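Colleague: Can you walk me through this model? I would like the overall picture and then a few helices.

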Amino acid sequence: MVRLWEGGAYLLHGTELIAEQDASAQIKNKTGKDVSRQEAAQNTIAYRILKEHNTSGNMEKLKIKFDKLTSHDITFVGIIQTARASGLTKFPIPYVLTNCHNSLCAVGGTINEDDHMFGLTCAKKYGGVYVPPHQAVIHQYAREMMAGGGKMILGSDSHTRYGALGTMAVGEGGPELVKQLLCQTYDINMPEVVGVYLKGEPVKGVGPQDVALAIIGAVFKNGYVKNKVMEFVGPGVSSLSADFRIGVDVMTTETTCLSSIWATDEKIREFYEIHGRSGDYEELTPGEVIYYDGMIEVDLSAVKPMIAMPFHPSNTYTIEELNANLEDILHDVEEKAKVSLDGAVPYSLQDKIVNGKFMVDQGIIAGCAGGGFENICAAADILKGSNIGSDGFTLSVYPASMPVYMELIKNGCAAAILETGAVMKTAFCGPCFGAGDTPANNAFSIRHSTRNFPNREGSKLQNGQISSVALMDARSIAATAANKGVLTPATEFDGEIGKYQYHFDANIYANRVFDSHGEADESVNIQFGPNIKDWPAMGALPENLVLRVVSEIHDPVTTTDELIPSGETSSYRSNPLGLAEFALSRKDPEYVGRAKDIQKAEKARMAGEHPCQAHPDVKPVMGVIKKTFGDASHENTGFGSTIFAVKPGDGSAREQAASCQKVLGGWANIANEYATKRYRSNLINWGMLPFVIEAGELPFSNLDYLFIPDIRKAVEEKWESITAYTVSVENDTLRAFALKLGELTDEERQIILKGCLINYNRVG
């Protein structure tokens, strides 16, 4: 299905692949030209778009200004509050505020709708667009109304991916959107570009999620596309509809790539025409000779229905393989779960085998990945004439927008689905992040959504609750539902899956969405709810640091959902201190108390008091330090916490994974590596040091104190290596070890020195 090339590759005329080592003579022979690798690399679609948006004049060090921004109701309050603290008076570029995460307003009293009203009044005051709850999920609205050929969009959600429509889109933490609102730039090194060469066409019953999972399974663990741009090319692209491409594209986030872009054609032109935006189409085609830093070759005709088993989208198998080896594969998943769940609850999948078949408890087709028009139409065709039964199995379908829902009603697909006993619901991201359709304890849910991390299905390990999610395509979910919950690939369906013409009803948005058309109205008063709080004061980086290790995580990867749980906790996202109470709560329940405990010392220091009066450990720890570093004192030494994790930050772009640590007194993370650029950027923008330590035996343990002398000087002077010390009061010793910060831009260094992005930009 998927082949990864070793080394780089050249693409000739959009159809012929040549390995880098064989390229020079072949290219000259077939084109009559000598084409350098550097020249060929500049022929990628990605390079052209990045060059058009780069303001630095240096294509190695990019300073990107985006065309548009988009956020949802877990992130836009914090973003706007941060920008307001820095002097925001008007949105300088189109900014769309959608309400698709806490749209049920089901938890926390008035706080969710209060945030929605905050968003509406800010859209009026600053000149933005406000999409009310239930109208569209963030990415579907962006596809329908925001994307444009050759454009770039920055979103505060990790699945900000519109490459299939010719738009390079990036999902980042909120502070990066703040920078754009303040007319600053998105600063990165020129990313490598990896080609994704598609050939053939999918067989009946195979959908976009199957293709996406096949790619994710091949590239996630080896980091083949980490922080790179995936560029989809090849003859197979034209065999895919716009909806199919979109369904593959949105899942590229799970590869940990930076962004994605596709060659465009008449099918994409038709997409824009259907949505009344034909002028936003641009034909994007690769140059005559292109160099890619890597190549993923995908034979679409060989892709089979896939399933990503708990608890990661890369834990992939074909459904056929799973059904043929149930006991072995389920046992393997149970063993992996011991790591993901820390053995906190009993977890078994063997009891899902009934008469040799795997029995599923729930099916969900939803959100930016599953809720597309063609996915739901295909599911309806597979379900026609059947029913889901009256036992425990349930099926819920969430169209991605009201225009999609309307067309499903008009063409009869909604009726076909409802007749089976399934439920149709409005546009909502809940099933993707753990706030909707939470299964029963020990239940197994199959979902055409984006993620299946622990806790994203809503279970709470600390309460003894566990359920699990597998990712599948809508077609195979429908086939399983028609089979009363017996896991079934859609390729076993022998009926017809039709092709339906989509008609976009623009009146739905025209009648309900507030669009300022870029006109700000400074007379509008922002509506604040009682849960909307300002960020607490944060101090500048001191000369030295004393850090207490307050959590130690040795999982191979730590997700942002484990750092700050999603689900109902996200209702408190507009209250920094309130949300921080949930930090690491499902991974390390002791974290918050430990972080707040050592934070007492820093709060006392910031108030001009002696920190030893606030915390009993300060005096003996400083006593050991001062024997070697006589100049260290409470006047020049800050106190706070850090966590260690092997590879933190996979998944969501939510800045709260970092900001919650910061408001609890966190000064740093220590990791062997960071899972994503966006999590590392979030740490930096909240004034936290993204330390890296070599893999191997740690020189410290949980609850140890660390001393980092001259840390401010190290940041200012760009030290390559920083000497830190483990403080042993018991042995009256300091033990040295090395930390690194990795590459930081000059602006990022200033943000860390100031203490956070708010301080860096603060007016007055």
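This is a predicted model: local features need pLDDT of at least 70, side-chain atom pairs count only at pLDDT 80 or more; totals for chains, interfaces and linings use all residues.

Colleague: How many helices and strands in the protein chain?

Modeller: The protein chain has 28 helices and 34 strands, taken as DSSP runs (helices H or I, at least four residues; strands E, at least two) and numbered from the N terminus.

Colleague: What does the C-alpha trace span along its principal axes?

Modeller: The span is about 80 × 65 × 60 Å.

Colleague: And how much of the chain is buried?

Modeller: Buried residues are 64% of the 764 in the protein chain; buried means under 20% relative accessible area, with a 1.4 Å probe and protein chains only.

Colleague: Now helices. Which residues of α18 are buried?

Modeller: Helix α18 covers residues 474–482, and eight of its nine residues are buried. They are Ala 474, Arg 475, Ser 476, Ile 477, Ala 478, Ala 479, Thr 480 and Ala 481.

Colleague: What do the buried residues of α18 pack against?

Modeller: Their partners include helices α8 (208–219), α11 (319–324) and α14, as well as strand β23 (444–448); contact means heavy atoms within 4.5 Å. After α18 comes Lys 484, with a positive phi near 60°.

Colleague: Which residues are buried in α15?

Modeller: In α15 (residues 402–410), the buried ones are Pro 403, Val 404, Tyr 405, Glu 407 and Leu 408. Their cover includes α6 (138–145), α14 (373–383), α16 (413–419), β22 (423–424) and α19 (507–512).

Colleague: Different topic. At what angle do α24 and α25 pack?

Modeller: Helix α24 (residues 656–663) and helix α25 (residues 677–685) pack at about 30°, and their axes are 8 Å apart. That makes α24 roughly parallel to α25, a label for angles under 35 degrees.

Colleague: Which residues meet there?

Modeller: Ala 657, Ala 658 and Gln 661 of α24 meet Tyr 679, Asn 682 and Leu 683 of α25. By class, this contact has four nonpolar, two polar and no charged residues. Nonpolar here covers Ala, Val, Leu, Ile, Met, Phe, Trp, Tyr, Cys and Pro; charged covers Asp, Glu, Lys and Arg; the others, Gly among them, are polar.

Methods. Residues are numbered from 1 along each chain as its sequence is written. Side-chain values use heavy atoms; hydrogens and water are left out. Axes are lines fitted to C-alpha atoms, for helices over the stretch in contact, and angles run from 0 to 180 degrees between N-to-C directions. Angles under 35 degrees count as roughly parallel, over 145 as roughly antiparallel, 65 to 115 as roughly perpendicular and the rest as oblique. Buried means under 20% relative accessible area, exposed over 50%, partly exposed in between (1.4 Å probe, protein chains only).
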